[in-house]
Amino acid sequence: MHRLLTLMALVAGTLLPAAGAFGIPANAAPNDPSGIGIRLVDAPVELRDNPRALVYVIDHVSPGTTIERRIEVSNNTGAPTDIAVYPGAAVIKDGSFVGLEADTPNELTTWTSVSAPRLTLAEAQKEVVDVTIAVPSDAAPGEQYAVLWAQTAAGEAEGITQVSRVGIRVYLSVGEGGEPAADFDLESLTAQRTDAGLPTVTAVVRNTGGRALDLRGTLTLSDGPGGLSAGPFPVRLGTTLGLGQTAPIAVELDEQLPNGPWAAELSVTSGLLTKTEQASITFPVSGAGETVPLSDDGVPGWWWLGGGLVVLAAFGLGVRFVRTRRLHSHR
């Protein structure tokens, strides 16, 4: 069983809108000070350096294993409140982690139980709830997703009940042996302008590893017109990639930025894994500019193209040299 470390209260759960299917921001947002809150209380000691594991339930276990966590539910609604605590199914699609409606089940939610499915909390009261995930011995290998929800339902008007819920993501990998390695490729970079003329850079990211990814990062520009440099600019948060999935990430830049050309360096991180790529980009006057392919080893795509041309030229010269020698030898 994992040894657990207790997390600071500043590591908050994720505030989510009312019931429905929706994406959850990649980074935890502070709980609504005027609503209900939820946060992870502890995480495995061996994952202490992984910022994702301090916010979400992330683990890799063998079939037949039982893991435990604690979550804290709080009430800041200004009045005593009844709160339901339960697991719900989630999926990753279109670059987002999506909690499904209500208590939609999947295999992971059927393995998950909470010590207090119903809470009645006074204003400003907090309650710790134990979470147990018991993976059956015949569980199939793979990664599954869920959300631990805390939910309130406010008064009914004209047949409509207003439901609010906040949740913590669960990423559980099941399989024998060690945890599958996380990995990804940065495939291409495109400079473009929005309809409002704002310069942006979009990068296509492919998950090539064995775990889901929550992406964040920065873009830095250098060697611009007149030797200008700019950044780092943050990658727009909220992109999550499931196994084998591909999605774009975007960086919004300063509207005063000259078109370039610029030497762009993009650094993207998920958990403890960071990839960095460089490329030369120029912002168009409008619309999308040229898409620059990126290699998967930190070398810009244009370098490989240039290197390939050099190799072809050298091969051609070599062939010509051999033919010339043969002609001379036959004279």
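**View 1. The chain as a whole.** The predicted model contains 2 helices and 24 strands, and buried residues account for 44% of the 331 residues in the chain. Of the contacts between residues at least 6 apart in sequence, 71% join residues at least 24 apart. The accessible surface of the chain is about 16,600 Å², with 55% of that area belonging to carbon and sulfur atoms.

**View 2. The salt bridge between Glu252 and Arg236.** The side chains of these two residues, Glu252 and Arg236, meet in a salt bridge with an N to O distance of 2.8 Å. Because Glu252 lies in strand S21 (residues 246-252) and Arg236 in the loop between strand S19 (230-234) and strand S20 (240-241), the pair ties together parts that are 16 residues apart in sequence. Arg236, with a relative accessibility of 46%, counts as partly exposed.

**View 3. Strand S6 and its pairing with S14.** All 5 of the 5 residues of strand S6 (residues 57-61) are buried, so the strand is largely enclosed by the rest of the structure. Both of its faces are covered, with Val57, Asp59 and Val61 buried on one side and Ile58 and His60 buried on the other. S6 pairs with strand S14 (residues 160-174) in the parallel sense over 5 bridges, and within this pairing His60 stands opposite Ser173 in S14.

**View 4. The salt bridge between Lys275 and Asp183.** Lys275 forms a salt bridge with Asp183, in which the closest N and O atoms are 2.9 Å apart. Since Lys275 lies in strand S23 (residues 273-281) and Asp183 in the loop between S14 and strand S15 (184-193), this pair ties together parts that are 92 residues apart in sequence. Asp183 has a relative accessibility of 30% and therefore counts as partly exposed.

**View 5. The salt bridge between Arg206 and Glu187.** The side chains of Arg206 and Glu187 meet in a salt bridge at 2.6 Å, N to O. This pair links distant parts of the chain, with Arg206 in strand S16 (residues 199-207) and Glu187 in strand S15, 19 residues apart. Arg206 counts as partly exposed at 33% relative accessibility, and Glu187 counts as partly exposed at 28%.

**View 6. A network of salt bridges.** Arg52, Arg169 and Asp214 are linked in a network of salt bridges. For the model, the count of salt bridges comes to 11.

Conventions. Residues numbered from 1 in each chain as written. Predicted model: local features only at pLDDT ≥ 70, side-chain atom pairs only at ≥ 80, totals over all residues. Heavy atoms only, no water. Buried < 20%, exposed > 50% of the residue type's maximum accessible area, 1.4 Å probe, protein only. Helix = DSSP H or I, 4+ residues; strand = E, 2+ residues; numbered from the N terminus. Pairing = 2+ DSSP bridges. Contact = heavy atoms within 4.5 Å. Areas by Shrake-Rupley, 256 points an atom, 1.4 Å probe, with all protein chains shown as cover. Salt bridge = Lys/Arg side-chain N within 4 Å of Asp/Glu carboxyl O.
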